[in-house]
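Here's a quick briefing to read alongside the sequence and the 3D view.

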Amino acid sequence: MNHLLQHKLISHHQHGFLSRKSTTSQLLECCADWNVAINTHNNIDVVYLDFARAFDSVVHSKLLAKLSCYGIDPVLLSWICSFLSNRFQYVKVDQSYSSVLPVISGVPQGSVLGPVLYILYVNDICTLAPVGVTIKLFADDTKLYTVFSDGIPVDCLQSCLTAIFDWSQHWQLKLSPSKCSVMHINSNVHCPNIN
């Protein structure tokens, strides 16, 4: 973590599993942007994305390639490879056990290292945002939004969604459509004065 934070390798838009970051810090940043937009009479479109079984879907070889690109020391990279390899799992229901099967993808949940490996796996998603789109991350939840003002292309949010879809196909993280949603914030709504 020291290497990653010291070299600013983790996107500042990631709020999950990091010291002094949380769902609250993410929400405060978004609300600040949205308040400015409303006060300047601009509309906002927000898209909430969720990846299906995100922590279980991380492809080990692709994760190791990303870690190498982040400059992780080869000895540590070898240790992480060993940490991810030769894992097995089974399911217990009452007194019955399933067959033991190898774990061929995913980061170990319940470990200290698992969440860090996951946020590094999705870290580069923030580079997909074109001008006019902001992406905020909290672990496997992704929020992107556009404040529509002069000079912002009307299709920038759609082009970002297309890029994220292509990215998710390449990195083998499937979006969960039932957990995705869209919100429109209209700056023209006037609240009555309450005395």
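A salt bridge here is a side-chain nitrogen of Lys or Arg within 4 Å of a carboxyl oxygen of Asp or Glu. By that rule, the count comes to three salt bridges. Keep in mind that this is a predicted model: local features need pLDDT of at least 70, side-chain atom pairs count only at pLDDT 80 or more, and totals for chains, interfaces and linings use all residues. Residues are numbered from 1 along each chain as its sequence is written, and side-chain values use heavy atoms, with hydrogens and water left out.

**Salt bridges**

- A bit of background: side chains of opposite charge can pair when their charged atoms come close.
- Lys136 pairs with Glu29 in a salt bridge, with the closest N and O atoms 2.4 Å apart. Lys136 sits in strand S6 and Glu29 in helix H2 (residues 23–39), so this pair ties together parts that are 107 residues apart in sequence. (Helices, H or I with at least four residues, and strands, E with at least two, are DSSP runs numbered from the N terminus.)
- Is Lys136 buried or exposed? Lys136 is buried, at 5% relative accessible area, while Glu29 is partly exposed at 29%. (Buried means under 20% relative accessible area, exposed over 50%, and partly exposed in between, using a 1.4 Å probe and protein chains only.)
- Asp124 makes a salt bridge with Lys66, and their closest N and O atoms are 2.7 Å apart. Asp124 is in the loop between H6 and S6 and Lys66 is in helix H4, so the pair links parts 58 residues apart in sequence. Lys66 is buried, with a relative accessible area of 7%.
- Asp56 forms a salt bridge with Arg53, the closest N and O atoms lying 3.2 Å apart. Asp56 is partly exposed at 30%, and Arg53 is exposed at 62%.

**Helices H4 and H6**

- H4 (residues 60–69) packs on H6 (residues 113–122) at an angle of about 80 degrees, with the axes 10 Å apart. That makes the two helices roughly perpendicular. (Axes are lines fitted to C-alpha atoms, for helices over the stretch in contact, and angles run from 0 to 180 degrees between N-to-C directions; roughly perpendicular covers 65 to 115 degrees.)
- Which residues meet here? Lys62, Leu63, Lys66 and Leu67 in H4 meet Leu117, Leu120 and Tyr121 in H6. (Contact means heavy atoms within 4.5 Å.)
- The residues of this contact split into five nonpolar, no polar and two charged. (Ala, Val, Leu, Ile, Met, Phe, Trp, Tyr, Cys and Pro count as nonpolar, Asp, Glu, Lys and Arg as charged, and the others, Gly among them, as polar.)
- H6 is mostly covered, with nine of its ten residues buried. Its cover includes H1 (2–6), H3 (54–57), H4, H5 (74–84), S6 and H7 (156–170).

**Strands around S7**

- S1 (residues 43–50) and S7 (residues 141–148) run antiparallel over eight bridges, with Asn43 standing opposite Phe148. (Two strands pair if DSSP finds at least two bridges between them.)
- S6 (residues 133–138) also pairs with S7 in the antiparallel sense, over six bridges. Lys136 stands opposite Lys143 in S7.
- S6 and S7 form a hairpin with two residues between them, and Ala139 in the turn has a positive phi of about 55 degrees.

**Tyr70**

- Tyr70 is found in the loop between H4 and H5 and is buried, at 16% relative accessible area.
- Leaving out residues up to four places away in sequence, Tyr70 touches His3, Leu9, Leu120, Asn123 and Asp124.

Technical notes: Parallel < 35°, antiparallel > 145°, perpendicular 65-115°, else oblique.
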